[in-house]
Amino acid sequence: MAALNLTKPEPTVSADVLSSFRKVDPAQYPELANYMWDDVYGKGDKMAPGALYLAMEMTNRMNMKPGSEVLDLACGKGVTSEFLARTFDVNVSAVDLWITEEFLRSKFESAGLGHKIRAYNLDVTEPLPFADEQFDSIFCMQAFHSFGGSVTFVHQLLRHLKSGGQICIAGTCFNEEFPNVQQSQIFSITNGWDAEYDKYHSPIWWRSLFESTELVDVFYCQELDNGLEMWEDVILYEWQRSEFSLDWLRESQWLINHVAHSRHHKPYLTHFVISAAKRYRHGAIDQCQR
Ligand SMILES: C[S@@+](CC[C@H](N)C(=O)[O-])C[C@H]1O[C@@H](n2cnc3c(N)ncnc32)[C@H](O)[C@@H]1O
C-alpha cells in the first residue's frame, strides 16, 4: 500500500484540516493486500469515496460463487466489474449510462477479462434488455441514489434477479435523514454539480424502501463504522494525486469543509451498505412491474 507522503504545500486552512484526516486502514481488507492506494481508486478513474474498500464491504455481505452471473449496475469506468470478475471468477454484465460500451469493452479486453465481462451502455431506469431471473446477484456501488429511490424502480430491477439471489447496494449517505439539506448553511455550499445531497438517504430510509417492496428480505443495512473515514481517505488520495496542488485544495475546499464538519456534527456524511435476498414466494415475480 502506498504510504501517504505529506510533502509540504504552502500552509492553508485546508492543509491544516487535512492533517487530521484519517486513511482507511487497509489491514481491514486482506483481499486487497496486493493493491497499492492508486489501484484501490482505479488509477485515476475518479472513483467515488470508498472505491474498492467499499466494494469489499459489499462482497463481504454477498455470496459470490465462481461462474455466477452478476449485474454491475452503473459500473462507471468498470473498476468494480474487473475487480469482481478477477477476485471471484464471476461473469459480469457491466452497465453504465455516461461511459461508452467502447471504452468499457476495450478496458476489459486489455485486462484479459473480455470473456468474463460484457459491457452495456444503458439507462437503468428504462426497461433493461435482460431476461427475468437472469442474475444471481445485483451489485450497485455509489449510484443507486441517482435512480429516484422508488419502489417502482426496485420492482422493475428485481425482475432480473433470481429468487434467492442477492442485491447489494452501497453508497454515500448522511447517517440520519436530513430535515432540509438545502437549508443547511454548510452543506448548501458546493461546486454546483458534484454534490447530490438532496438524493442522499439514511440507512434506515433505504431499509424501509427495500422492505416495502415485499420482494426481498433485508439481512444487512447499516452505516459502515469507517463510513466517514472513506470520505477522509478519498480526499487525502485525491490531494496526493494532484501532487498537493493548491488549485486542487482551493477547488475542493467546499468538500473538505463538509467532511471536516461531519467529524463533529450530525447529520454527518458517511457510507452505508444494504444487502437483501429476493424471496422465494409464490407470485412474487409476478408482482414486478413490467
Ligand atoms: C459515482 S459513479 C459510480 C460508478 C461506479 N459504480 C463506481 O463506484 O466506481 C455513478 C455512475 O452512475 C451512472 N449512472 C447515473 N445514472 C444512470 C442511469 N440512469 N443508468 C445507468 N447508469 C447511470 C453514471 O454514468 C456514473 O458512471
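This is a predicted model: local features need pLDDT of at least 70, side-chain atom pairs count only at pLDDT 80 or more; totals for chains, interfaces and linings use all residues.
Of the 19 residues around the ligand, which come nearest?

Figure 1. Ala 74, Gly 76, Leu 97, Trp 98 and Ala 143 come nearest, out of 19 residues around the ligand. By class, the residues of this shell divide into 12 nonpolar, 5 polar and 2 charged.

**Figure 2. Ala 74, a residue with positive phi.** Ala 74 is one of the residues that come nearest to the ligand. Ala 74 sits in the loop between β1 and α4. Its phi is near 60°, a positive value in a residue other than glycine. Is Ala 74 buried or exposed? It has 23 C-beta neighbours inside 10 Å, so it counts as buried. The cut-off for that class is 20 or more.

Figure 3. Helix α4 spans residues 79-88. Of its 10 residues, 7 are buried, so the helix is largely enclosed by the rest of the structure. Those buried are Val 79, Thr 80, Ser 81, Glu 82, Phe 83, Leu 84 and Ala 85. Which elements do they pack against? The helices are α3 (51-59) and α5 (101-110). The strands are β1 (69-73), β2 (91-96), β3 (117-121) and β4 (135-141).

Figure 4. Phe 88 belongs to helix α4. It has 19 other C-beta atoms within 10 Å, so it is partly exposed. A buried residue needs 20 or more. Leaving aside neighbours within four places in sequence, Phe 88 is in contact with Thr 59, Met 64 and Pro 66. Thr 59 is among the buried residues of α3. Just after α4 comes Asp 89. Asp 89 lies in the loop between α4 and β2. It is not a glycine, although its phi is positive, at about 55°. With 13 C-beta neighbours inside 10 Å, Asp 89 counts as partly exposed.

**Figure 5. Asn 91 in strand β2.** Asn 91 is placed in strand β2. Its 17 C-beta neighbours inside 10 Å make it count as partly exposed. Which residues does Asn 91 touch, not counting residues up to four places away in sequence? They are Gly 67, Glu 69, Val 70 and Lys 116. Met 141 is 50 residues apart from Asn 91 in sequence. In space the two are 17 Å apart, C-alpha to C-alpha.

**Figure 6. Helix α3, mostly covered.** In α3, 8 of the 9 residues are buried. They are Ala 51, Leu 52, Tyr 53, Leu 54, Ala 55, Glu 57, Met 58 and Thr 59. Their helix partners are α2 (37-40), α4 and α8. They also pack against strands β4, β5 (161-174) and β7.

**Figure 7. Helices α8 and α10.** Two packed helices are described by the angle between their axes and the distance between the axes. For α8 (residues 227-241) and α10, the axes come within 10 Å and cross at roughly 150°. The crossing is left-handed. From α8, Leu 228, Trp 231, Glu 232 and Ile 235 take part. They meet Leu 255, Ile 256, Val 259 and Ser 262 in α10. By class, this contact has 6 nonpolar, 1 polar and 1 charged residues.

**Figure 8. The buried side of α10.** Helix α10 covers residues 253-262. Its buried residues are Leu 255, Ile 256, Val 259, Ala 260 and Ser 262. Why do they lie on the same side of α10? They cover an arc of only 160° around the axis, which puts them there.

Figure 9. Pro 267 lies in the loop between α10 and β7 (269-278). A cis peptide bond joins Lys 266 and Pro 267. Omega is about -15°.

**Figure 10. His 155 in helix α6.** His 155 lies in helix α6, residues 151-158. It has 16 other C-beta atoms within 10 Å, so it is partly exposed. Phe 210 is 55 residues apart from His 155 in sequence. In space, C-alpha to C-alpha, the two are 9.4 Å apart.

Terms used
Residues are numbered from 1 along each chain as its sequence is written. A residue is buried if 20 or more other C-beta atoms lie within 10 Å of its own, exposed if 12 or fewer, and partly exposed in between; C-beta atoms are placed from the backbone. Helices (H or I, at least four residues) and strands (E, at least two) are DSSP runs, numbered from the N terminus. The arc is that of the directions from the helix axis to the C-beta atoms. Two residues are in contact if their C-beta atoms, placed from the backbone, lie within 7 Å. Axes are lines fitted to C-alpha atoms, for helices over the stretch in contact, and angles run from 0 to 180 degrees between N-to-C directions. A crossing is left-handed if the near helix is turned anticlockwise from the far one by less than a right angle, and right-handed if clockwise. Ala, Val, Leu, Ile, Met, Phe, Trp, Tyr, Cys and Pro count as nonpolar, Asp, Glu, Lys and Arg as charged, and the others, Gly among them, as polar. A residue is near a molecule or strand if its C-beta atom, placed from the backbone, lies within 6 Å of it.
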